[in-house]
Amino acid sequence: MDRIARSYAYLLAGFPLGIAAFVVVVTGTAAGAGTLVVWVGLPVLVAVLAAARGFAAAERALVRAAGIALPAHHHREPRGRGIGRLWSRLADAQSWRDLLHAVVAFPLHVVTFSVALAWGVGAVGGVTSAAWLWSIPRDDGVSGLFGLVTGISSLAAEIASTTLAGVLLLVTLPLVLRVLVAAQAGLARALLTNEAVALRERAAALESSRRSAVQAEAQTLRRVERDLHDGPQQRLVRLTMDLEAVARRLDDDPERARPLVAGALVQSREALAELRALSRGIAPPILADRGLGPALAAAAARCPTPVVLDVDLPDGLRMPEAVESTAYFVVTEALTNVAKHAGASQCVVVVGVDGDRVLVQVRDDGRGGAHPGKGHGLAGLADRLAAVEGALDLVSPAGGPTVLTAEIPLVGVG
């Protein structure tokens, strides 16, 4: 019964959708093609393709609601600006397939809607004929379908034959609905999906993510190497020299060795502090032990610029390690840039979950002018996010404020 209800919902709802799609697409395409010579038709055709894309999305939703799985589809992202961007939208093959579906599916929608409605009404009316057929006025002569076929005027025979026809229609209704749904969904599968192209684009995206991950890892290793060389390594060299001097003077002048021991202790403490700070920049223990919220609170407390932290994460729910690590890296790198370059008096960090993604936003009231181009520190953030198929958006006009927003998907990560 549930299958019949879903089939009827799909077939009946598809009819008005098919009418609207056919009218909009045919009218818009004719208007756009007719005025293309004066360039007015270009935005009209782009709008028609956008409408066809919306109708196609609605059709896919109806197919899935009917319990039928569809392969993937892919729309090309528009490129360029102005006229070039409009032409790139016209070059999207899947949008034209969506438009073709709106035209071709219209007569099919009419047929499936009519057959499904007539078959169902006939089945219900035939099965219940004993309850209403007697109330219809009858002539003295032959009347009714049974009478016209056999020449016999009999109300009982008319009710019996109509009931039998209704039972036959009712028994065959699931099969008929299955055929109608298969025909309509098959056309949607043929025109509204393109699994091969979608898989190629997905493979290209994964290859790009892999390259970004490798590049981000290489940048992290170079940064760690540079920080080790400039900080703890120099202090350890100084500590070694002080200890060698202490060893030489312990026998002949222990008192002169005492200041050297004190200096060696200072160097060891500072080297240890720098190593701890370096480890916090990679993956602090608090992140693994207590989660993203406490780790960000500790990072905000260490920032020399005052930070207002707003973390809204589900209580008691840990996200995948890659997500937490990436979000932590984004916030700490952004806070480092704010402290070094922004000249800000305050910074606001907002972290939350929106559906199937984590949103991280860092705002400061500094001088602005931040740039995510190659060679800048923010380029590493973009690579780090690309490694988990995330996205980085930066708005930083001259004079500020600077707003950095990162999106980290939860689906498929971890």
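Among the elements of the chain, which helix has the lowest mean pLDDT and which the highest? In this predicted model, helix α6, covering residues 144–150, has the lowest mean value at 58, while helix α4, covering residues 93–127, has the highest at 90.

**Confidence**
- Over the chain the mean pLDDT is 78, and 74% of the residues reach 70 or more.
- Where pLDDT is low, the predicted coordinates should not be read in detail. Helix α6, with its mean pLDDT of 58, has the lowest value among the elements.

**Cysteines**
- A search of the whole structure finds 0 disulfides, and Cys303 is accordingly in none, with the nearest cysteine sulfur, that of Cys347, lying 6.5 Å away.
- Seen from Cys347, the closest cysteine sulfur is the one in Cys303, and because the two sulfurs are 6.5 Å apart they are too far from each other for a bond, the cut-off for a disulfide being within 2.5 Å.
- Cys303 is buried, because its relative accessible area is 13% and the limit for that class is under 20%.
- Cys347 also counts as buried, with a relative accessibility of 0%.

**The loop position Ala72**
- Ala72 is found in the loop that runs between helix α2 (41–65) and helix α3 (83–90), where Ala72 is partly exposed, at a relative accessible area of 39%.
- Although Ala72 and Leu192 are 120 residues apart along the chain, their C-alpha atoms are separated by 9.0 Å.

How values were computed
Residues numbered from 1 in each chain as written. Predicted model: local features only at pLDDT ≥ 70, side-chain atom pairs only at ≥ 80, totals over all residues. Heavy atoms only, no water. Helix = DSSP H or I, 4+ residues; strand = E, 2+ residues; numbered from the N terminus. Buried < 20%, exposed > 50% of the residue type's maximum accessible area, 1.4 Å probe, protein only. pLDDT = per-residue confidence, 0-100.
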